Amino acid sequence: MIVGIASGKGGTGKTTVAVNLAASLPEPVLLLDCDVEEPNCHLFLAPQVTASARVSIPVPVLEESKCTSCGLCSKICEYHAIAFLGDRPLIFPELCHGCGGCHWVCPTGALTEIPNEIGVVETATVPSGTLVQGRLHVGKALSPPLIRAVKQHARPEGITLVDSPPGTACSLAAALTGCDFALLVAEPTRFGQYDLSLLVDSVRELKIPCGVLINRSRGRDDPVRAYCREQGIPVLGEIPEREELARAYARGRLAIQVLPELAGTLRDLWSQITVLAGRSTSGRRRL
């Protein structure tokens with residue numbers, strides 16, 4: 001089963017949940033860190049890197065002598081990576097998504113493709129199983145291709161956890177596509193409820209069943225619980241607001257090391273996820 005862990009903004013506790021859930025389960029876990037702009041699961045898991053692979057996307061290069069200025073390459077590019085100034089195309093490699101459309105429509109073969117390296121994918125052994133993480137190169141803006149490269153390591157058998165990038169942009173869609181369930185991490189505040197509502201809209205658009213885990217819970221009713229009741233979204237558990245948990249995080253320690261009873265909470269959370277995911281996984285597009 002493949003479960004994505006997501007949050008409406010950074011700092012909500014998504015990675016805390018991902019690494020502690022992986023460490024709490026009784027069987028080996030494949031953890032995919034798809035927050036490729038700032039991967040940090042490794043800070044808590046003492047990884048031993050066993051493999052590293054470079055990831056590139058194809059970008060067009062113009063051979064001017066063959067160009068007839070037909071403009072088809074510019075018209076087909078939805079990301080405006082090719083524009084015409086005068087009678088020659090101007091290529092913006094940083095905007096190119098590597099779809100190959102411009103190369104395909106060019107009637108004279110004036111556009112060829114060269115690889116543009118955007119990042120690396122690292123595989124490591126960790127005490128809880130295997131960690132695969134993507135690292136986007138500094139200055140590269142296009143994360144979805146690298147996220148998809150990390151997702152290629154996912155396997156439907158066993159347990160795969162996907163630590164998604166925060167927010168609701170296209171990088172989130174790249175991380176959650178093909179998941180059997182989405183665990184949404186939220187803070188029990190008005191701001192947390194608003195961020196969660198945006199995230200729920202995105203997950204529903206992807207047609208993925210979801211549930212909510214409340215982090216930094218104060219043990220009372222809050223805007224997040226009220227929103228979940230209104231929307232019919234199950235609240236699967238909570239992590240209390242405790243100073244020792246914040247100290248553990250700052251020192252790169254797992255929360256279950258300082259609050260052992262949290263491991264039981266996370267195992268119960270996983271039991272609920274397996275039930276909910278099993279109800280609605282048929283007919284969806286896989287990875």
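This is a predicted model: local features need pLDDT of at least 70, side-chain atom pairs count only at pLDDT 80 or more; totals for chains, interfaces and linings use all residues.
Leaving aside neighbours within four places in sequence, P58 is in contact (heavy atoms within 4.5 Å) with C96, G98, E113 and I114. P58 is found in strand β3, residues 48–62; strands (E, at least two residues) and helices (H or I, at least four) are DSSP runs, numbered from the N terminus. With a relative accessible area of 30%, P58 is partly exposed, where buried means under 20%, exposed over 50% and partly exposed in between, for a 1.4 Å probe and protein chains only. P58 and C99 lie 7.8 Å apart in space, C-alpha to C-alpha, and 41 residues apart in sequence.

Residues are numbered from 1 along each chain as its sequence is written, and side-chain values use heavy atoms, with hydrogens and water left out. The mean pLDDT of the chain (the predictor's confidence in each residue, from 0 to 100) is 94, and 97% of the residues reach 70 or more. Over residues 281–287 the pLDDT is below 50, and this stretch has 18 contacts in the model beyond near neighbours in sequence.

Strand β7 comes next. Six of the eight residues of β7 (residues 129–136) are buried, which leaves this strand mostly covered. Strands count as paired if DSSP finds at least two bridges between them. Strand β2 (residues 29–33) runs parallel to β7, joined by five bridges, and L32 has V132 as its bridge partner in β7. Strand β6 (residues 111–126) runs antiparallel to β7, with eight bridges; here T125 is partnered by T130. A hairpin of two residues connects β6 to β7.

The largest pocket holds about 450 Å³ of space. A pocket is an open set of points on a 1 Å grid over the protein atoms alone, where a 1.4 Å probe fits, with protein on both sides within 12 Å along at least five of seven lines; lining residues have an atom within 4 Å of a point. Of the 29 lining residues, G13, T16, N215, R216 and Y249 are the closest to the centre of the largest pocket. Helices α1 (14–24) and α9 (243–250) and strands β10 (210–217) and β11 (235–240) each supply at least two residues of this lining, and α1 gives the largest share, five residues. By residue class, the lining divides into eleven nonpolar, ten polar and eight charged, with Gly counted as polar.

Conventions
Grid points are joined across faces, edges and corners, and a volume is the space filled by probe spheres set on the points.
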